[in-house]
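The exercises below concern one protein model and its side-chain contacts. Work through each task before reading the solution.

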Amino acid sequence: MSERDLTAALPPEIVRKFFWGWTLDDLLPVLGISTRWREIGLNHPVYWQSIDCDDFTEGAIRFAFLRVGRTNGRPFSLAIFTVQSEYYIPLLLAVVSTHLHNIVALSIRVPSYHAESVFASLVRPAPQLHTLCIGFQPIDPVGKEPIAPDNLFAHHAPALRTVTLQNVRISRPLAVFANVQFVTFGSPPSTSTIVPCVFTHFPLARTVQFSYCGRLSLSQNAPDSFWFGLDSLVIEGGPDYLSDADIPLHGVRHLQLNLPGRAGPLEAEVMSSHLRGELDVEFVSRHEYNHISVFALNVIERESQRRRSFSEVWLRWKSPLSAPHNFLARSDIASRITTLAISADILPAVCELLLPMPNVLEATILFHYWGFSRGMPTNPLVVPKLRALTLEGDGDSDPTIVPMSYLVELCRRAVVGYAQPLTIVVRRVFVQRCDEAAGTIASESLPIVFA
């Protein structure tokens, strides 16, 4: 084999550069080429640097043990997610305890009755750990959530900056959390967990996320200055998770509210109550679900003149396009939209939901890698102040080809009421010109300027 192997004269560190950008699935076939290539592959960072350990496939846990054995004292990340492999959980936790000195990112998600064993494996110093995620699936919805021990990481995790806790309590401030800046709390919707107070346990937090955490008014006892000083606050859940939050959301620098499910009157009221300034609105189709009937609505509030600090509110949910949309039917909201972006594949359906928008200056049509139907809306967008129309393709795919005839139809049937000429901005899109289309533009007296 070595006589035909053109890389035989190269040192292993040079050969490993050939694998740049490879995934673990790409690397595995290389292990069977020869003894030399197997050794090179087993020492490649793709093999040992980030290890996921779950019980979804046969042999996955045993394979994870083999990969951990190749770390050889080097820093690595380990993620454990298991719900049924009772035999392997103690073995996996023993691996965590043994290698805790070298783990830089650790995620453990197991049933809650393993909580004592999990915390027992986390009593050694973790000098390189910068990211920690601990989540317990509750067995009894009314049972008490596990409590993090006082001697977590032997009080020594100086690099720890990101912490995610799901169904975990903290009885008193822990030294290892003193410098954490990114905090996420999660609570299973079926439980009544009261999450720890961020201000008490994570005083230097800059980004905070609550995911389906109820009764925040009972747990979050922090001065307004703490919330106003955050870089970002994310609250995920329905309106009932916000009603008792008792957090001064109006002063948060960057607030993101994730409202899942159908958009109804309560969601509309929540959105409207937190939006005061000019708005940027995006309708982005979700192809991984059903790009015809599901989309994400993003609403961003620009800097408000009534507050000195930059304030941003994001709200996002998936909603059938045919559902009544109370939020979009409000004229006070439509009049404050200044920029608008819509995925091309859902353009006709979205236009059915929108009122005239008298202050929209810029509109963007988004073209995704899965294509578009070229359909035109029956109810056009009324945008009298529109000055620029942008055609924008996906950043990770080849430029989308858009026929000139489609562009002409956009300018004639999708957007109306604007003053000519209209500036066309093209990003990662190739506009296919032809004489017939150019003649159509001239005959319809539709001046456009390409930028």
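## Exercise 1: the largest pocket

Task. Classify the residues that line the largest pocket as nonpolar, polar or charged, then trace where the lining comes from.

Solution. The lining of the largest pocket divides into eight nonpolar, three polar and five charged residues. The model is a predicted one.

Step 1. The largest pocket has 16 lining residues, and those nearest its centre are Glu 282, Leu 340, Ala 341, Thr 364 and Glu 392. Its volume is about 250 Å³.

Step 2. Two or more lining residues come from each of strands E12 (279–285), E16 (337–343), E17 (362–367), E19 and E22. E17 gives the largest share, four residues.

## Exercise 2: salt bridges around Glu 392

Task. Which residues are linked with Glu 392 in a network of salt bridges?

Solution. General idea: side chains of opposite charge can pair when their charged atoms come close.

Step 1. Arg 427 and Glu 392 form a salt bridge with an N to O distance of 3.4 Å. This pair joins distant parts of the chain, since Arg 427 lies in strand E22 (residues 422–427) and Glu 392 in strand E19 (residues 388–393), 35 residues apart.

Step 2. Glu 392 also forms a salt bridge with Arg 428, where the closest N and O atoms are 3.1 Å apart. Here too distant parts of the chain are linked: Glu 392 is in strand E19 and Arg 428 is in the loop between E22 and strand E23 (429–432), 36 residues apart.

Step 3. Glu 392, Arg 427 and Arg 428 therefore belong to one network of salt bridges.

Step 4. Arg 427 has a relative accessible area of 40%, so this residue is partly exposed. Arg 428 is partly exposed at 40% as well.

## Exercise 3: a salt bridge within a helix

Task. Describe the salt bridge between Glu 409 and Arg 413, and state for each residue whether the side chain's residue is buried, partly exposed or exposed.

Solution. 

Step 1. The N to O distance between the side chains of Glu 409 and Arg 413 is 3.1 Å.

Step 2. Both residues belong to helix H15 (residues 404–414); they are four residues apart, so about one helical turn separates them.

Step 3. Glu 409 has a relative accessible area of 18% and is therefore buried. Arg 413, at 40%, is partly exposed.

Step 4. The count of salt bridges in the model is seven.

## Exercise 4: aromatic pairs

Task. How are the rings of Phe 367 and Phe 372 arranged, and how are those of Tyr 369 and Trp 370?

Solution. A pair of aromatic rings is described by the distance of the centres and the angle of the planes.

Step 1. The model has eleven aromatic pairs. In one of them, Phe 367 and Phe 372 have their ring centres 5.0 Å apart and their planes at 70 degrees, an edge-to-face arrangement. Phe 367 and Phe 372 are both buried.

Step 2. For Tyr 369 and Trp 370 the centres are 4.9 Å apart and the planes stand at 75 degrees, so this pair is edge-to-face. Tyr 369 has 59% relative accessibility and is therefore exposed.

Step 3. Elsewhere, Phe 177, Phe 185, Phe 202 and Phe 210 form one aromatic cluster.

Technical notes. Residues are numbered from 1 along each chain as its sequence is written. This is a predicted model: local features need pLDDT of at least 70, side-chain atom pairs count only at pLDDT 80 or more; totals for chains, interfaces and linings use all residues. Side-chain values use heavy atoms; hydrogens and water are left out. Rings of Phe, Tyr and Trp (its six-membered ring) pair if their centres lie within 6.5 Å; planes under 30 degrees apart count as stacked, over 60 as edge-to-face and the rest as tilted. Buried means under 20% relative accessible area, exposed over 50%, partly exposed in between (1.4 Å probe, protein chains only). A salt bridge is a side-chain nitrogen of Lys or Arg within 4 Å of a carboxyl oxygen of Asp or Glu. On a 1 Å grid over the protein atoms alone, a cavity is a set of points where a 1.4 Å probe fits but cannot get out, and a pocket is an open set with protein on both sides within 12 Å along at least five of seven lines; lining residues have an atom within 4 Å of a point. Grid points are joined across faces, edges and corners, and a volume is the space filled by probe spheres set on the points. Ala, Val, Leu, Ile, Met, Phe, Trp, Tyr, Cys and Pro count as nonpolar, Asp, Glu, Lys and Arg as charged, and the others, Gly among them, as polar.
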